[in-house]
Amino acid sequence: MIYLDHAATSPMPGVVREAYLAALELQGNPSSIHSAGQRARAMVDGARVRIAATLGVEAIEVTFTGGGTEAVNLAVKGMFWARNASAPSPGGARAAGSGDARPRPRLLVPRAEHHATLDAVEWLAQHEGAELHWLEVDELGALRLDRLAEALGDGSDVALLTMLAANNEVGTVQPVAQAAALAAAVGVPVHVDAIAAYGQVRLDPLPHGVSAVSISAHKVGGPVGVGALVLRRTAEVVPLLHGGSQQRGRSGTMDAAGAAAFAVAAELAHAELDERSEHKRALRDRLAEGIRRSVPQAVLSGAAGRLDDDALALPGTLHFTVPGAEGDSLLMLLDAAGFAVSTGSACQAGVPEPSHVLLAMGLSEADARGALRVTLGPATTVDEIDALLAALPAAVERAQSAGLAAQVPRLGR
Amino acid sequence: MSGGVDSAVATARAVEAGHDVVGVHLALSRMPGTLRTGSRGCCTIEDSLDARRAAEKLGIPFYVWDFSERFRADVVDDFIAEYAAGRTPNPCMRCNERIKFAAVLEKALALGFDAVATGHYAHIVTDAAGNRELHRASDEAKDQSYVLGVLTTEQLAHAMFPLGTTPSKAVVRAEAEARGLTVAQKPDSHDICFIPDGDTRGWLADRIPPAEGAIVDRDGTPVGSHDGATSFTVGQRRGLNLGVPAPDGRPRFVLEVRPSSNEVVVGPREALAIRELAGHRFTWAGLDPVASGITRADPEAASADPAAPDALLPFDCHVQVRAHADPVPAVARVRDGELVVEVSEPLLGVAPGQTAVLYVGTRVLGQCTIDRTVAADLVDAH
């Protein structure tokens, strides 16, 4: 099996696995007073320092979570609540219950966000009085700053702007610094979902105006179920989980081994970031060129397809659509040929739906169905890319003929 | 692989027979429920997880194929339109005809597969010349050849029913148990899969706006009123709430539903009996009756139109009009592009839209969708 789905989850490097296993040997709850507890606490806090260093923030600004989705939910919901609880209401009292009018009801959300964000903001709209203001993205999938500026207005009624650092499907790097500057100018805090970008591109130093950043361990070779929310000193969240107040904004026993393994993986990814980027970018370009040659009907998506501005694209992501084919047919055929790739979009019971990201980029529902995402890792080889290129034309031909059969049914008529 | 025990065991047998098998679960709704409820056996996320576990146990790849749009158009909307037209459709049949052995099969063939195997209880027999015939399953209680009667020669050529010769469902469950499949004791499904609570009338009423109309007798005399004609089925007795008693005081039954005039026609039980049924939408499963040596072309009734189906001389067969109805002896012929079936004894509860499947012995010969029926007492009267 040739694994080319690193954006879904990236295999754990040996050095991370060893650190994880060693950490699992340790006894003690990081919140316990005794020496065993102190050793566990030292492990968590050490990990916190090392994660903080990858983003140029301070240790107190890192809150470990049970994964990326929890970090995003804590940021989006927690900041929405905090922004609406601390603002004085017109009568001078403080808005508290959900029954009260919200002083800052508006949430600014680009249309091409990950489902962790989309579903969290939809929930806030349905249950907590949030008003969603959807922001358009351009044909590469990048947030349109002109639309953001319009939407911000004077910022007085805006709870927050939440946005990706890089799109998880098509890999387009977002204009975070410019967006954060616009938001900061009118006092609106910004949450950045950096789960797809972390370890792929440098995020340090965090731009002025960014209040919170979500990251996830398993996307950089750490364990699944471990993530972190970076919360700047000036930012406030209302917690999602109530309990022992073990961390800033989060209750629950801290996962010392998970944090330690995350830190090792994150450090490794950042220490090797430049060489990994160069390696993946060269392979990605080789793949893109090969696809142009052998599958000319494929349309490369996002900035990676342009090859003229590398700053706009994650180095290891290549996304394309094949007209008349269904992405799930391509995926199945490539799976049978020994390649693990993705359609890129969220699955409900394993059913690929037309990607909201591609629709937001202006693709038709029919074209969006033919999506395939190939994401490379540090250990991906030239031979693996060439093997995929050798297998792709036959898979595309078959998937297109299956797509045609679906459009022009013959049997049973 | 629906997630039920039949398709899991059918898959296991296909794998064991040495075929290169891929498990496919059909997503037939964009908004699947999370948990299985009542007697449904498909379509929820829980069912897809059951199917996935079975595939994993059998060591084969597993995928979910989204046919929700095709299913909506070809099965669900068809079901509603048929009821709105006063007919009684069979959605499982339509699903076999248009989804499982059409959309799914065509996609599979295009992707390089040779056949679609399902957990249906039916048996495919290949004769000495290599022609494929569809037969009843060995277990007559579970036999599903009726709902497969719509399959054409081409569809049969790419169909596999590994459970067809199994003596009983108990054997299938025991085999699932022995193979360690977790669905071994999962309950059978009965209801229409897209109507979660099994309340077909209520479901239809939400989709076909009911309008008040008249209940009339066979002479057209009003005898009562109803809240919506499409909520009645031919043969129904309850729920008529007729104000005027029948002249002879005997119970009356729905004989006909007329959506165009929004009328429901009622009459005595014996008027339900039909002597003849006919339909112009008919297909042969495998070799047609002439090639099978069952009958010959009728030269006198042959149409001048070369595109029209041949007229066929009358031939003996059995006809079955519902999934669990008994087959009755009949004489069938083709005349003026219509398959006409005359039953040897009066048949009850036959409504337009139902499918009549013709059998010769255990073999499915073909089928037609019933367009019209002739009441037995009217035939006698003439």
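The model is predicted, so to speak of a local feature takes pLDDT of at least 70, side-chain atom pairs count only at pLDDT 80 or more, and totals for chains, interfaces and linings use all residues. Residues are numbered from 1 along each chain as its sequence is written, with chains lettered from A and ligands numbered from 1 in the order in which they are written.

**Chain B overall**

The domain bounds below come from an automatic or database assignment.

| Domain of chain B | Residues |
|---|---|
| domain 1 | 5-178 |
| domain 2 | 212-269 |
| domain 3 | 273-381 |

The C-alpha centres of domain 2 and domain 3 of chain B are 28 Å apart.

Strand β9(B), residues 252-258, is mostly covered, with 6 of its 7 residues buried. Its antiparallel partner is β10(B), residues 263-268, joined to it by 6 bridges; pairing here takes at least two DSSP bridges. B:Arg258 sits opposite B:Glu263.

**A sheet in chain A**

Over in chain A, 3 strands form an open antiparallel sheet in the order β9-β10-β14. Strands β9 (299-300) and β14 (371-375) of chain A are at the edges with a single partner each, so one side of each has no neighbour in the sheet. Helix α8(A), residues 273-294, packs on this sheet and touches β9, β10 and β14 of chain A. Between β9(A) and β10(A), residues 317-321, there are 2 bridges, and A:Leu300 stands opposite A:Phe320.

**Where the chains meet**

The contact involves 18 residues of chain A and 21 residues of chain B, two residues being in contact if their C-beta atoms, placed from the backbone, lie within 7 Å. On chain A's side, the elements giving two or more residues are α9 (327-336), β13 (351-352) and α12 (382-407).

Terms used:
Helix = DSSP H or I, 4+ residues; strand = E, 2+ residues; numbered from the N terminus. Axes fitted to C-alpha atoms, helices over the stretch in contact; angles between N-to-C directions. Buried ≥ 20, exposed ≤ 12 C-beta atoms within 10 Å, placed from the backbone.
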